[in-house]
Amino acid sequence: MAELQKGRLFIPCAGGVEPLLAEELRTLLPEVTQEKSRGGVALVGATLLDAMRINLWSRLATRVLVELGHGPCRDETELYEFARDLYWEAWITPQQTLRVDVSSRNSPLPSLQFAGLRVKDAVCDALREAFGERPSVDTRDPDLPIVLHLEQDSATLYADASGEPLFKRGWRQDTGDAPLKETLAAAMLAAAGWRGTPEAGGAFNDPCCGSGTLVIEAAQIACGMAPGGQRRFAFERQLPYRGLLSDWQRMKQQARAAEHAPAVPLFGSDVAFRMVDFASRNAERAGVAHAIRFQGGDALERPAPALPADLPGTLMLNPPYGDRIDVAGKAGRPHGLAARDLPPEGAGPLGSSPARAGREEAQMDAGGDFFNRLAAHWKRQYAPHPAGWSAWLLSPDRELPRRMRLKESRKLPLWNGPIECRLFRFDLVAGSNRT
């Protein structure tokens, strides 16, 4: 793909986020054709400038992949020949580094690791023939991350333009036991239709904010900040983009010039004062400390924020799953669980590594008293507000509304790593919402 030549991109995302990502990409690139795909969105007729723009502005994508070629693959020899014929000299020099990641769907090849090695050999052989030298492998931070996706009788090769996954915004340093990924936080906000204006969601409050991911993501939306404005990307070291780096600098400058003060207030609180401190420091690094009011306090006791009578509000929280969370502040226990690694997002056509242990084990019999009391607190504190509050809660427990004695007005499937969850919406009104 030459600098402005149109080609194909694949934009992976977490499970359940595909429709939201498609809408986001239509806003970013209205002239580019989309193709529906499992685990993401395929773009036809996109340029490398488009790939740069998605990296800078997408809140929902996990990475940006540029298709290099698609060909037959029934065995390792055919795979090597397919990869060997691609024009690698346009993408990498012998002085640079590479890495090959492999995913598969119904592939007959017996070893994905060996398939990746054959692609690596093909690239190195092509560079050795062209320049007399071969590039090195860097498994941590390569100049050219290559993604190989295998189907039953075909293979597709991509250049990863992102490098580190896009949920790494560049500001997070302080975390709690089980931090929410920024891309999932953005998906929750997109699903709720919260856009940081009085007309689209109103004020924002996360009463279980942890290290601040949800409220910081909301604040960046409210301030018009590009989510990728504080990090580096792999494409900045790749050969086809060298003639576009001035465009990239101009793109970032325009994004910074578009930032503005929030039009609505944002609040975050947590029962653990240590987490409030973490969230405050993260917000400072993210450039939104001025937009958020952080406080400590129990979610079952903190009053609703005072809002103008005509301003609605959005409550949103991702409470811990599993382990008992009944009034952590009074019991003197933190209300999170031990952190565990999450699998890479973007399962689907590009697959992912096998799911590792998730954020929590999602034991459905825990936390009942907490949620009953939380619902009662919402009715007392939030329902009387004239303009109304809507509450959004992410949980793997499909029976949660019944246990809370509330009737959900919406429920949307979302995946938190390997855990299938539902994002429930409750419209808080005075009186009973008992199912």
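Visitor: Which exposed residues does the face of H8 turned away from its buried side carry?
Guide: Exposed means over 50% relative accessible area, buried means under 20%, and partly exposed lies in between (1.4 Å probe, protein chains only). On the face of H8 turned away from the buried side, the exposed residues are Phe273 and Glu284.

Visitor: What kind of model is this, and what pLDDT do local features need?
Guide: Residues are numbered from 1 along each chain as its sequence is written, and side-chain values use heavy atoms, leaving out hydrogens and water. This is a predicted model in which totals for chains, interfaces and linings use all residues, side-chain atom pairs count only at pLDDT 80 or more, and local features need a pLDDT of at least 70.

Visitor: How far apart are the end C-alpha atoms of H8?
Guide: Helices are DSSP runs of H or I with at least four residues, and strands are runs of E with at least two, numbered from the N terminus. The expected span is 1.5 Å times one less than the number of residues. For the 14 residues of H8 (residues 273-286) that gives 20 Å, and this agrees with the distance between the end C-alpha atoms, 20 Å.

Visitor: Within what arc do the buried residues of H8 fall?
Guide: The buried residues are Met275, Val276, Phe278, Ala279, Asn282, Ala283 and Ala286. The arc is taken from the directions from the helix axis to the C-beta atoms. Seen down that axis, the buried residues line one face of H8, because they fall within an arc of 160°.

Visitor: How many residues apart are Glu67 and Arg8?
Guide: These two form a salt bridge (a side-chain nitrogen of Lys or Arg within 4 Å of a carboxyl oxygen of Asp or Glu), with their closest N and O atoms 3.2 Å apart. The pair links distant parts of the chain: Arg8 lies in strand S1 (residues 7-12) and Glu67 in strand S4 (residues 65-72), a separation of 59 residues.

Visitor: Is Arg422 buried or exposed?
Guide: Arg422 meets Glu420 in a salt bridge (3.2 Å, N to O). Glu420 counts as partly exposed at 31% relative accessibility. Arg422 has a relative accessible area of 14%, so this residue is buried.
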